[in-house]
Amino acid sequence: MAQAKWIKGDVVSGAVLAALGVYIVSEAWRWDYSTAEGPGPGFFPLWYGIAMVALSLVLVLRTAFSATAGKTTDWGGIGRALTVWAAFALAIVLMKLIGFLTALALLTLFVVAVLYGRPLKVALAAAIGNAAGFYLVFGLALQLDLPAGPLGF
């Protein structure tokens with residue numbers, strides 16, 4: 001019974017994510033942590049990798065030392081998580097074709113309308129608001145070039 005804890009999905013996924021976090025840290029370590037202007041290109045990936053390793057280890061340890069009586073797998077939750085992952089991957093592919101803001105709006109629309117089951121008006125408002133917020137912060141305030149589609153946004 002104790003061995004069964006170590007082959008659970010949380011332990012396996014936690015170990016894989018911890019290994020990915022170690023890889024991210026090892027790669028980010030090679031980049032500049034800070035520059036004269038502020039944080040360098042290695043700043044965010046380094047801390048992201050460290051957080052990934054720490055949280056993955058918490059997941060593994062929590063699963064390994066928790067009681068397993070009466071616990072069942074939430075297949076609905078797993079399906080929703082995989083659906084979001086697939087929608088996110090599709091949005092990344094679509095970004096080059098239709099632009100960042102349009103892909104982000106479609107992703108938000110899908111998540112809010114389909115996965116959260118909110119009315120279409122609410123989903124449209126969230127999608128437009130999310131895209132507008134990203135444009136205001138990154139496009140206007142920070143003056144970053146977001147990938148544009150054929151319509152220019």
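Q: Hey, how many residues does H5 have, and how far does H5 reach from its first C-alpha to its last?
A: Hi! In this predicted model, H5 has 16 residues and reaches 21 Å from its first C-alpha to its last. That is close to the 22 Å expected at 1.5 Å a residue.

Q: What happens just after H5?
A: Gly117 sits there, with a positive phi of about 65°.

Q: Let's switch to H6. How far apart are its end C-alpha atoms?
A: They are 30 Å apart.

Q: Where does H6 bend?
A: At Tyr135, by about 30°.

Q: Which residues are buried in H6?
A: Ala123, Ala127 and Ala131 are buried there. What covers the buried residues of H6 includes helix H5, residues 100-115.

Q: New topic: where is Gln143 found?
A: Gln143 is in the segment after helix H6, which covers 120-141.

Q: Is Gln143 buried or exposed?
A: Exposed: the relative accessible area of Gln143 is 65%, and the cut-off for exposed is over 50%.

Q: What is the phi of Gln143?
A: Near 55°, a positive value in a residue other than glycine. For background, most residues other than glycine have a negative phi.

Definitions and conventions
Residues are numbered from 1 along each chain as its sequence is written. This is a predicted model: local features need pLDDT of at least 70, side-chain atom pairs count only at pLDDT 80 or more; totals for chains, interfaces and linings use all residues. Side-chain values use heavy atoms; hydrogens and water are left out. Helices (H or I, at least four residues) and strands (E, at least two) are DSSP runs, numbered from the N terminus. Buried means under 20% relative accessible area, exposed over 50%, partly exposed in between (1.4 Å probe, protein chains only). The expected span of a helix is 1.5 Å times one less than its number of residues. The bend at a residue is the angle between axes fitted to the seven residues ending there and the seven starting there. Contact means heavy atoms within 4.5 Å.
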